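Trainee: Could you show me how to read salt bridges and burial from a set of coordinates?
Mentor: Let us look at the model together and take one feature at a time.

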Amino acid sequence: MNKDFTNFYNNLVHLTRNKNIYKDLINKDSYSDRLIIFLFHFAFFLNVFKSDSLKKDLQNVFDYVFKNLEISIREIGYGDASINKKMKDYINLFHLIIKKIDDWNLIDDNEKKKRIKSLLNLNDIDNLSVYFDKYSVELKNNTLNYYIKSVIKPKN
């Protein structure tokens with residue numbers, strides 16, 4: 001595994017564990033919900049940096065992240081037969097998230113909430129759409145290397 005992306009992967013996990021994301025949103029916190037939030041973080045990251053000339057680096061980051069997700073699934077206890085199916089499902093979900101956020105900056109708040117709600121069965125997603133707006137702005141204010149090489153602490 002490429003150690004250059006360990007900090008990045010850990011940053012995504014750390015952002016996903018931010019309790020402020022979940023405090024008003026999820027009554028019953030689940031692995032599936034956290035995985036979707038994780039994939040949202042990663043999708044916004046790729047969406048912001050997709051226009052950079054570093055496509056090869058982004059592909060390497062993508063490969064690293066999904067390899068680590070596979071390792072996590074194995075640690076949960078899924079068997080070899082179901083891991084391939086799970087990974088295919090997660091990659092398809094990730095591509096759906098990418099499609100839903102591709103024009104994020106061009107859509108209104110209600111449409112943002114509708115898109116998030118279509119993937120997460122939550123009653124209140126107002127704070128989550130605001131959170132991802134702020135996250136997107138923060139990504140744009142830094143460089144790709146900042147996120148790949150640095151250890152980031154989420155802001156409350």
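Trainee: Does Glu111 count as buried, partly exposed or exposed?
Mentor: Buried means under 20% relative accessible area, exposed over 50%, and partly exposed in between, with a 1.4 Å probe and protein chains only; Glu111, at 25% relative accessibility, is therefore partly exposed. This is a predicted model, in which local features need pLDDT of at least 70 and side-chain atom pairs count only at pLDDT 80 or more, while totals for chains, interfaces and linings use all residues. Residues are numbered from 1 along each chain as its sequence is written, and side-chain values use heavy atoms, with hydrogens and water left out.

Trainee: Which residue forms a salt bridge with Glu111, with the closest N and O atoms 2.9 Å apart?
Mentor: A salt bridge is a side-chain nitrogen of Lys or Arg within 4 Å of a carboxyl oxygen of Asp or Glu, and here the partner is Arg115, which is buried at 15% relative accessibility. Because Arg115 and Glu111 are four residues apart in helix α6 (residues 109-119), about one helical turn separates them; helices are DSSP runs of H or I, at least four residues long, numbered from the N terminus.

Trainee: Where does the salt bridge between Asp133 and Lys112 lie?
Mentor: Asp133 and Lys112 approach to 2.8 Å between their closest N and O atoms, and this pair links distant parts of the chain, with Asp133 in helix α7 and Lys112 in helix α6, 21 residues apart. Lys112 is buried, at 7% relative accessibility.

Conventions
Helix = DSSP H or I, 4+ residues; strand = E, 2+ residues; numbered from the N terminus.
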